[in-house]
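Morning, everyone. Please look at the screen, and I will walk you through this one piece by piece.

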Amino acid sequence: MTAPAFAPETEERLALARQVADAVLFEGYVLYPYRASAAKNRLRWQFGVLVPPAWGADCEEHDFQHTECLMEPKQGATLAVEVRFLRPRRRTVQRALPDGDFETVPELHLDDRVLVPWDEGAEERVELVAPVGQLLGDGVELPFRKPAAEDTEPVLDAAGRTVGRLVRRSAEVSGMVRLSARELDGPYRTMRLTAVVENTTPWAPPEDSAADRDAALPHSLVATHLLMALDAGSFLSMTDPPEWAKAAVAACRNLHTWPVLAGEPGRADLVLSSPIILEDHPAIAPESLGALYDATEIDEILALRTAALTDEEKREARGTDARAAAVIDLADSMPAEVLERLHGAVRGLREVTGESAGFPDEFGVQRPHTPWWDPASDAGFDPEHDRVMVDGRPVGKGSCVELRPGLRHTDAQDLFLQGSTATVEAVLHDVDGTVHLAVTVDGDPGADIRREQGRYLYFQPDEVVPLEDPR
């Protein structure tokens with residue numbers, strides 16, 4: 001089975017999906033604090049690792065991924081498949097000797113970085129295009145092989161003198177992609193598509209030694225995932241299928257991977273089968289300015305912690321990996337305005353507010369045309385002077401009330417405030433139209449500080465009883 005080049009239209013759709021797939025490919029690639037010496041960076045490659053069969057038989061990791069999903073191809077449709085994975089590339093550091101030779105060293109100090117041994121990840125792709133009709137029956141197979149490789153890179157000091165070199169070695173890996181399809185019974189022309197990716201590398205641990213995971217990794221396919229695109233037709237969502245397809249979806253077998261709809265929202269002609277469970281049409285947050293590679297990353301926290309690393313820690317991170325160096329540079333150069341925008345976003349309101357896609361600002365961050373809520377636009381509300389009727393009496397700033405918070409029991413501390421008197425500081429309206437009374441408790445020694453900082457206790461009108469103002 002040959003692997004012809006993708007059609008331009010297919011390549012364009014896949015390019016969009018690769019933005020998310022890249023996040024899968026490099027998820028957990030290098031963890032904060034981005035140094036090879038950090039304990040959590042000594043156990044590498046956590047997701048989608050397909051190990052050699054001879055080693056996988058004795059461990060909890062696997063040598064294959066098995067994907068099944070449903071598709072509704074049109075007559076004459078073609079399926080394009082792209083397998084993507086990282087191949088570990090073992091890097092050693094060597095120092096230049098006076099006689100022109102080199103010796104391997106544990107580290108090499110430069111002005112801006114400290115070079116150390118490290119396993120880099122080189123991106124690999126295997127492409128396959130087949131008419132859907134050929135997938136019926138036995139289907140198609142595509143074996144692939146990536147030969148061993150070695151290259152060297154000179155290391156120069158600030159004056160341009162050769163002070164060492166990096167030697168990178170990649171072991172040979174081989175694999176197999178198997179595709180097949182079967183038509184399902186029913187009123188619709190629906191097929192179950194099966195895609196299997198296997199590591200067939202013949203490497204085996206020496207008989208006289210117990211090889212560990214580190215020895216098997218150079219012969220493994222890391223962060224393996226699939227992109228599959230139909231040029232005519234669509235896939236069904238495995239997460240939220242139509243009612244008539246739920247039984248067929250439940251019968252699909254997905255081992256060590258999970259397929260979701262990918263690409264532009266509203267389209268269903270592209271699937272990403274990922275070792276990390278995702279939702280349909282996953283997307284990179286527009287507020288994120290760059291990959292941080294740290295699994296379960298929170299951009300704001302990582303950016304702040306990375307910027308706080310010492311100069312020596314940053315030198316080692318820069319010498320660990322080019323991607324780690326990019327994270328350090330990003331954290332050091334991030335404008336305060338951009339860092340502030342990482343604080344959070346309320347995306348669930350977009351369906352209600354009808355927020356448009358927006359436009360990129362001067363930092364390239366996609367911003368909405370208008371904020372989902374702008375307090376300045378609420379000219380009809382004035383917390384200082386608004387009043388709300390409670391038991392037939394107007395209550396507003398300065399009103400004296402008795403707290404009766406026992407109606408909802410949403411906070412255990414409310415029990416301590418039952419029957420206390422308090423002063424209303426403001427009448428507030430939230431975006432759902434609910435009224436809240438901001439109060440300070442009478443006799444609270446910290447009341448003045450609360451007023452100064454705007455840190456009040458909040459109750460709804462039916463949780464207070466108006467009192468005659470004793471003052």
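How many salt bridges does the structure hold? The answer is 38. A salt bridge here is a side-chain nitrogen of Lys or Arg within 4 Å of a carboxyl oxygen of Asp or Glu.

Two housekeeping points. This is a predicted model, so local features need pLDDT of at least 70 and side-chain atom pairs count only at pLDDT 80 or more, while totals for chains, interfaces and linings use all residues. Residues are numbered from 1 along each chain as its sequence is written, and side-chain values use heavy atoms, with hydrogens and water left out.

Back to the charges. Side chains of opposite charge can pair when their charged atoms come close. Take E103 and R95. They form a salt bridge, with the closest N and O atoms 1.9 Å apart. Are they buried or exposed? E103 is partly exposed, at 29% relative accessible area. R95 is partly exposed too, at 34%. The cut-offs: buried means under 20% relative accessible area, exposed means over 50%, and partly exposed lies in between (1.4 Å probe, protein chains only).

Next, R161 and D157. Their closest N and O atoms are 3.0 Å apart in a salt bridge. R161 counts as exposed, with 54% relative accessibility.

Now E468 and R393. Their side chains meet in a salt bridge at 3.5 Å, N to O. This pair links distant parts of the chain, 75 residues apart: E468 sits in the segment after strand 24 (464-466), and R393 in strand 19 (residues 393-396). E468 is exposed, at 63% relative accessible area. R393 is partly exposed, at 32%.

There is also a network of salt bridges. It links E11, R18, D22, E82, R84, E123 and R125.

A word on the numbering of elements. Helices (H or I, at least four residues) and strands (E, at least two) are DSSP runs, numbered from the N terminus.

On to the strands. Strand 7 (residues 140-146) and strand 10 (residues 173-183) pair in the antiparallel sense over seven bridges. Two strands pair if DSSP finds at least two bridges between them. Which residue is the bridge partner of R145 in strand 10? It is S174. Strand 10 also pairs with strand 11 (residues 191-199), again antiparallel, over nine bridges. There, S180 stands opposite T194.

Strand 15 (270-274) comes next. Five of its five residues are buried. L270, L272 and S274 point one way, and V271 and S273 the other. Strand 15 pairs antiparallel with strand 12 over four bridges. Four bridges also join strand 14 to strand 15, and these two run antiparallel. Look at S273. L226 stands opposite S273, and P259 has S273 as its bridge partner.

Where is G263? It lies in the loop between strand 14 (258-261) and strand 15. G263 counts as buried, at 19% relative accessibility. It touches L16, A17, L270 and H281, not counting residues up to four places away in sequence. Contact means heavy atoms within 4.5 Å. G263 and Q19 are 244 residues apart in sequence, but 9.4 Å apart in space, C-alpha to C-alpha.

Now the interior. In soluble globular proteins, nonpolar side chains tend to be buried together. A nonpolar core is a set of buried Ala, Val, Leu, Ile, Met, Phe, Trp, Tyr and Cys residues joined through side-chain atoms within 4.5 Å. The largest one has 39 residues, and M71, L79, L135, L179, M228 and F235 touch the most other members. Several elements each supply at least two residues of this core, including strand 1 (64-73), strand 12 (222-230) and helix 4 (246-250). Contacts of M71 include V132, L135, A181 and F235. A second, separate core has 27 residues, among them V114, L217, L292 and A317.

T320 itself has a relative accessible area of 0%. T320 touches, among others, Y34, R91 and W118. The backbone nitrogen of A36 lies 3.1 Å from a polar atom of the T320 side chain.

That's my tour. Over to you.

Definitions and conventions. A polar contact is a pair of N or O atoms within 3.5 Å; within protein, one must be able to donate a hydrogen and the other to accept it, and residues adjacent in sequence count only if both atoms are side-chain atoms.
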